[in-house]
Amino acid sequence: MKIIAIASICFVVACVSSNECSHNKPCKFIGGEVFSEPREYDAVNGALNLELQVQMKDFKVEWLTMVRRTYNGEIPAPTWKIRKGDRVNLKLVNNLELTQKVLPFNGFRFPNSTNLHTHGLHISGEEPQDNVFVHVGPGKNYNYYYQIDEDHPAGTYWYHPHLHGSTLFQVHSGMAGMIIVEDDPDPSITPQHLLDVSCPNNCHHEVRLVFQPTMMFVNNGFRGFVHQQEEMEDYDGFRHRQFRLFGESRTLEDWLSDKNAGIEYFTTNGKLWPTYTLASGQIKRFRLVNAGGSASLELTITDTSGAKAKGCQVREIAQDGIYLDKARFQKHKRTLLVPSARADWLVVCNTPGTYKLQSVALYEDNMSMGPVQRWNGTLLKLVVTGTAKKTFIRTKLPARQHFIGDFRQLSQEEVTGRFVIELNPWTRLNREIFKSPTYYRFKAHLGTVQEWYFVNTDHVTSHPIHIHVNHFQVISYNPYTGPYTETSASSPNPMALYAQDGSVCFHQHELYTGTDGIKKSDDPLKYLGHDQRWKAGGKGTLGYSDAGTFHDVLLIPPMSNITIRFMAHKYVGVVVIHCHLLNHEDEGMMMVAQIVPEGEDTEAETASGTAYPGQCKKNDPYPFNKVTSDDEDFGYLIQKLKTGESPDETWQGQRQRWMT
Ligand SMILES: *[C@@H]1O[C@H](CO)[C@@H](O)[C@H](O)[C@H]1NC(C)=O
Ligand SMILES: *[C@@H]1O[C@H](CO)[C@@H](O)[C@H](O)[C@H]1NC(C)=O
Ligand SMILES: *[C@@H]1O[C@H](CO)[C@@H](O)[C@H](O)[C@H]1NC(C)=O
Ligand SMILES: *[C@@H]1O[C@H](CO)[C@@H](O)[C@H](O)[C@H]1NC(C)=O
Ligand SMILES: [Cu+2]
């Protein structure tokens, strides 16, 4: 009888646990567990020696186990803490197996191959440093040696895989970690109030927050993880469709990707809205990373009612690792972090209580942001203990190095190189899809100040564009006089550039085949006027950056024209330019420029076929000096035909169309 009794208790226990959440009986998440930070690897005696193992690992959040590609089995990956002048010796070991199919270039492929990019570090883009064209296949290793310059800016950076084809998949799997370049402990370089809350001596006041879209399953027009696994033909044992829900024909994968389940979470240091406890009146230094490739975050600290928290003060001190001139208030009470962007904050909560760090996406910002994936949700719970205090935040920040000084006041003569980065739909940059790591679209001399323009001919999508090696300074948002692109609804072909008066441009995209089948939009010029909205400032302008701010990634809204400047400092070699909506990057929204030594030839593939970027009917490599060329410059067309390539139909067709 006793035995039976025990068995029935066991039966009851089993019954109880089957009522709880499981892979067969999914339910909402609770979140709120105790806050923790990623493991940290520190440089010792000027060197950080580390090994990162790329391996599958069970990543658990409450009842849900996700089998993910990781660095060292950890999500987020370990933080590297280094100083200027240090050397990083990294052995990247790829433990994944060779079972991947080889799918086409500029598509989603290579789930089990990898490499590593140090996002935001001012470092050489050449091997064995930050060359993102290195391919570390399954079972292979690679030794990276990074020399951190004596002049390297202290700040918040991060690392992630950057293999063309699997960048989105691996980053969203969870492969991302923070890099901290520590502040100089000399108070004549770093103001004391900052040293008081920062490493090296006050690391306990730093709050490191790696936000990862590891639990974004819903497709929603963008790519949820379920969709990514499908595209990558990921091994079935890693997928959630192997679990069937109790009493239903649906699988766990169906449930996770169902909008109504609402499982669209960013994790914070691998947890759901963990709880961080701090003392009232104590200033903390937050390091915030949007370690993803699709959704933007609009960060604010709110009280429990969801209103902006009066008891907490936030000041922004750095953008993308680079210190601002002075600590500043948040624009519209929020800090925009597009995918891959970082911010550093000083935070003090003087009134005890409970607060939340949230992302709040307001529609009033639509015109400055354009259609981007915006995330609403909680990232961190803050419990403030103690009694009411009156601590205030000082504004002084470290001076920036000369190569990230201030380029706003330079004369036109001091600016040596000019280039236009044109964004087009269907993952084109400068009218072409990514061709090769040595197909340089522009070359700049080392040591020069460059003035580049971002122009977006895509009137329906914003793109966060990231430039490797050198940070750039926002100079101005200009009137947009350029063309816009219309496409067919379902494929890049046909795709055509139109002037703003609606006439077809003479200079077209590589895939232009005429305008038959193109779906013309009602209001393609809807987003015009960024220059005026930016100048006016105020409500609804969260999507814009302020003049003078340095970035390594910038949101480029539809129909915009933004001037940036940067110094091609220290490093010759490849400079990768790409969209940080990482599905766009994998699909070819990437191109390369090169920095060459002084005196070397700067001839590059600036034009696409016969067309210079930013142009519709005029064709001029230097449109900013003076417009000299005539509307239709057939010289370029003839040049192209002379190169021995078979005269491509696109250009012939276009020429005929134009001439008749
Ligand atoms: C990738 O590697 C893992 C781990 O070795 C293996 O189980 C899997 O089958 C491989 N291929 C794919 C497409 O996931
Ligand atoms: C986010 O939530 C706010 C309210 O807190 C709401 O006004 C806004 O429309 C939501 N945004 C999105 C993109 O759902
Ligand atoms: C902003 O965009 C959202 C989503 O695209 C849309 O639902 C909303 O109506 C827009 N609001 C305004 C004020 O333009
Ligand atoms: C962008 O702005 C610059 C400076 O105002 C101007 O010279 C250029 O023509 C503009 N380009 C486009 C495509 O609007
Ligand atoms: Cu993009």
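**Group meeting: pockets, copper and ligands**

Okay, let's start with the second largest pocket, where β28 gives the most to the lining, with three residues. Before I go on, keep in mind that this is a predicted model.

So, the pocket itself. The volume of the second largest pocket comes out at about 660 Å³. It has 30 lining residues, and the closest to its centre are Trp426, Asp458, Val460, Thr461 and His584. If you want to find it by secondary structure, look at β28, residues 484–487, and α8, residues 582–586: each of them supplies at least two residues of the lining. And what is the lining made of, by class? There are nine nonpolar residues, 15 polar and six charged.

Which residues coordinate the copper ion, ligand 5? The donors are ND1 of His463, SG of Cys579 and ND1 of His584, at 2.0 to 2.1 Å. Written as a sequence pattern, the donor residues of the copper ion are spaced H-x115-C-x4-H.

Next, ligand 1. The residues around ligand 1 are Met56, Arg69, Leu96, Glu97, Thr99, Asn112, Glu233, Asp234, Tyr235 and Phe238. Sorted by class, that shell has four nonpolar, two polar and four charged residues. Now the polar contacts. Glu97 has a polar side-chain atom 2.9 Å from an oxygen atom of ligand 1. In the side chain of Thr99, an N or O atom is 2.4 Å from a nitrogen atom of the ligand. Asn112 also has a side-chain N or O atom 2.4 Å from ligand 1, and there the ligand atom is an oxygen. How much of ligand 1 does the protein bury? Taken alone, ligand 1 exposes 350 Å², and the protein buries 87% of that.

On to ligand 2. Here the residues around the ligand are Ala361, Tyr363 and Asn376. Ala361 comes in through the backbone: one of its polar backbone atoms is 2.8 Å from a nitrogen atom of ligand 2. Asn376 uses its side chain, with an N or O atom 2.4 Å from an oxygen atom of the ligand. Ligand 2 on its own exposes 360 Å², of which the protein buries 50%.

As a reminder, most residues other than glycine have a negative phi, and most peptide bonds are trans. Where do we find cis peptide bonds? One runs from Glu127 to Pro128, with omega near 0 degrees, and Pro128 is in the loop between β6 (117–119) and β7 (141–147). Another runs from Cys199 to Pro200, with omega near 10 degrees. Pro200 is in the loop between α3 (192–195) and β10 (206–216).

And then there's Thr427, a residue other than glycine with a positive phi, near 55 degrees. You'll find Thr427 in the loop between β22 (415–424) and β23 (428–429).

Key: Residues are numbered from 1 along each chain as its sequence is written. Chains are lettered from A and ligands numbered from 1 in the order in which they are written. This is a predicted model: local features need pLDDT of at least 70, side-chain atom pairs count only at pLDDT 80 or more; totals for chains, interfaces and linings use all residues. Side-chain values use heavy atoms; hydrogens and water are left out. A residue is near a molecule or strand if one of its heavy atoms lies within 4 Å of it. A polar contact is a pair of N or O atoms within 3.5 Å; within protein, one must be able to donate a hydrogen and the other to accept it, and residues adjacent in sequence count only if both atoms are side-chain atoms. Accessible areas come from the Shrake-Rupley method with a 1.4 Å probe; for residues, only the protein chains shown count as cover. On a 1 Å grid over the protein atoms alone, a cavity is a set of points where a 1.4 Å probe fits but cannot get out, and a pocket is an open set with protein on both sides within 12 Å along at least five of seven lines; lining residues have an atom within 4 Å of a point. Grid points are joined across faces, edges and corners, and a volume is the space filled by probe spheres set on the points. Helices (H or I, at least four residues) and strands (E, at least two) are DSSP runs, numbered from the N terminus. Ala, Val, Leu, Ile, Met, Phe, Trp, Tyr, Cys and Pro count as nonpolar, Asp, Glu, Lys and Arg as charged, and the others, Gly among them, as polar. Donors are N, O and S atoms within 2.8 Å of the metal (3.2 Å for Na, K and Ca); water is not among the atoms, so sites may look incomplete.
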